[in-house]
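Reader: I have a protein open on my screen and a list of things to ask. Can we go through it bit by bit?

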Amino acid sequence: MINLLDIHIANLIAAGEVVDRPSSALKEIVENSIDANADIITIEIKGGGISYIRVTDNGDGMTAEDLGRAILRHATSKIKDEKDLEKITTLGFRGEALAAISSVSDIKIFTKIKDAQNGYMLESSSGQNIKISEAGCANGTTVVIERLFSKIPARQKFLKRDITEGMYCKWITEKIALSNPNVSFKFIQDNKQKIFTPGNGNYKDTVYSVFGDETAENLIPVGDFDEKIGDEENIKVYGFVSRIENGQKTRVNENFFVNGRYVYSKTIMTAIEEAYKSISETRTFPICALYVKVDESKVDINVHPQKMEIKFSDEKQVYSAIYYAVKETLGSFFEPDANFASKEKADKKEKQNISYRNQGSEKKERQSENVSETRPLRENSENGISEKTYFYEKQNYKILGEAFFGYILIEKDEKIIIIDKHAAHERIIYDIIIKNAVKNKNSNFKSQLLFVPEELELTPKEAAGILEIEDEIKNLGIIFEWKNDNTLSITEVPSEIGDASAGAIIKEAAYLSSEGISPGQTVFEKLAQISAKKSAACRAAMKSGISDSSENIAWLVEKVLNYENVRYCPHGRPVAFEITKSDIEKQFKR
Ligand code: ADP
Ligand code: MG
């Protein structure tokens, strides 16, 4: 039977998409204030934003009639008909945010349009019992959200501790403030003012207020904010980046904006990081606020409403505009060392035929791009198979597919190889990550930023254990920060292991470390030693949730077929077995 969902349920579902935590609610409300032309916005949160968020703006305000509509689904003043969709310039336009937020919280909205005698207040609890009354208030709008998700246990479970949710709220406010230098922002957390920006339209002042003077003094300007720079037409790049020597261990202070909007873009991230690497072999990440302007028609911002992920119609063009803009700036502020000259030469060559992702150079780089070593080399049309197949450059093989959600079938030479996906992944984690790290302590695992840092709660004993082996863990490419005495926030993990695996590996290592290890042995040596019996790698593999995407499978197959060691899982179970063509032919009595 098909049910038509009632409006309340529909809002709850939308809430799951639009607001998953206080910071995403906060973002929506603040963006509404900006859309309403506010230039002073005060944000106050308590209890990480879970118990209380208040946003006050001096924007256009709403009439009583509009106020009544504001929290209804698909209520938006920003679109009337299809034509409007093409020229959207405001931040929100789906008319979903307030409906979604109000369905999972207690909301109050105070609002008054200029010139009106009176203001109005709307009150609602979980989107029900909507009441509107006259209220004395200043021009503009104040939205108060209390007890977010208090009636939605399923959502609550995903919330982190107040301190972390509060950090996300501050973080999103920083991004919004950096993208709106014309707006003065104040952010107050548990009665303490944490951010204040002047709103004078000056990017430098805004960057200084957000990052703090000490950090900002070490930033250098890219572009001059009016001049077009870089080689590319129609793409403007400007902003501030840290000097090479002031890099950081995580990417949390990499801020990118496209056409005034804070975004996540792998292209921009890679371009700026590569620019750094082109000048100095650095393992650190820049602090930056980099603003990119590109023709609106060339961007697709709707990929994911929360991640603010952006796609460009010409990624390569954007990449090189940013790469050269940042590189030029850094170069002029950096004393070249002995290696620089030869690097520069290499770069000139690169400039002639730059290709996005520097194909074929940086070996390390490839670890983050799982598919790059197993790329489609040719169409296998001569065999009459018309679809694209994957061939490994040296050893030809063809991935036939996956059976029973766990077994990968491969055709290679005159054989069919069947790989147990979980066993193989387990072995890879064990072998490639842990063992390599033990052998070569300086192995540079290419880490990948987690969009939302993963929190790991530790017992006091585990925490003490970790303190002993922090460097060892970081050498594995698992990057984390201490949130408090017993909580880690994992910000980056090597692409080879899922974030869940990183947590499992850290816990396992912490346990061993806290138990004490024999002199001369490192924790990871010990871990590698006992992993064969214990299930560390196994659990990590199972939990890693490596998805069944074709890239992941291609990556896994490439490892299994090209690494001698990856034959048996740490428990001694086989990872793969083969059926020869003649075996098959025998079955058919050929
Ligand atoms: P959207 O922003 O996608 O239109 P929302 O649910 O976020 O949808 O907001 C619904 C409507 O409420 C907006 O279109 C706007 O007309 C009005 N509104 C929301 N917040 C404010 C505000 N701070 N000031 C003025 N109007 C607002
Ligand atoms: Mg909105």
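Reader: Before I go on, what am I looking at, and how is it numbered?

Author: This is a predicted model, where local features need pLDDT of at least 70, side-chain atom pairs count only at pLDDT 80 or more, and totals for chains, interfaces and linings use all residues. Residues are numbered from 1 along each chain as its sequence is written, chains are lettered from A and ligands numbered from 1 in the order in which they are written, and side-chain values use heavy atoms, with hydrogens and water left out.

Reader: Ok. How many helices and strands are there?

Author: The protein has 20 helices and 22 strands. Of its 590 residues, 50% are buried. Among contacts between residues at least 6 apart in sequence, 65% join residues at least 24 apart. Contact means heavy atoms within 4.5 Å.

Reader: Back to β21. Which way does it pair with β20, parallel or antiparallel?

Author: Strand β20 (residues 479-484) and β21 pair in the antiparallel sense, over five bridges. Two strands pair if DSSP finds at least two bridges between them. One example is I479, whose bridge partner in β21 is E492.

Reader: What holds paired strands together in general?

Author: Strands of a sheet pair through backbone hydrogen bonds, either parallel or antiparallel.

Reader: What is the order of strands in the open sheet?

Author: The order is β16-β17-β18-β22, four strands with antiparallel pairing. At the edges are β16 (398-403) and β22 (576-580), each pairing on one side only. From one strand to the next, the twist averages 25 degrees.

Reader: And inside that sheet, how many bridges join β17 to β18?

Author: Six bridges join β17 (residues 407-412) to β18 (residues 415-420). Y407 has D420 as its bridge partner in β18. D420 also has a C-alpha 5.4 Å from that of V575, although the two are 155 residues apart in sequence.

Reader: Where is V575, and is it buried or exposed?

Author: V575 lies in the loop between α19 (550-562) and β22. With a relative accessible area of 2%, V575 is buried.

Reader: Switching to helices. At what angle do α2 and α7 cross?

Author: Helix α2 (residues 22-35) and helix α7 (residues 162-179) cross at roughly 30 degrees, and their axes come within 8 Å. Axes are lines fitted to C-alpha atoms, for helices over the stretch in contact, and angles run from 0 to 180 degrees between N-to-C directions. That makes α2 roughly parallel to α7. Angles under 35 degrees count as roughly parallel, over 145 as roughly antiparallel, 65 to 115 as roughly perpendicular and the rest as oblique.

Reader: Which residues meet there?

Author: P22, S23, L26, K27, V30 and I34 in α2 meet E165, Y168, C169, I172, T173 and I176 in α7. By class, this contact has eight nonpolar, two polar and two charged residues. Nonpolar covers Ala, Val, Leu, Ile, Met, Phe, Trp, Tyr, Cys and Pro, charged covers Asp, Glu, Lys and Arg, and the others, Gly among them, are polar.

Reader: How does α7 pack with α8?

Author: α7 and helix α8 (residues 203-211) pack at an angle of about 165 degrees, with their axes 9 Å apart. That makes them roughly antiparallel. E174, A177 and L178 in α7 meet Y203, T206, V207, V210 and F211 in α8.

Reader: Is E174 buried or exposed?

Author: E174 counts as buried, at 11% relative accessibility. Leaving aside neighbours within four places in sequence, E174 is in contact with I195 and V210.

Reader: Last one. What is the phi of D115?

Author: Phi of D115 is near 60 degrees, a positive value in a residue other than glycine. Most residues other than glycine have a negative phi. D115 lies in the loop between β3 (106-112) and β4 (119-125), and is exposed at 80% relative accessible area.

Conventions: Helices (H or I, at least four residues) and strands (E, at least two) are DSSP runs, numbered from the N terminus. Buried means under 20% relative accessible area, exposed over 50%, partly exposed in between (1.4 Å probe, protein chains only).
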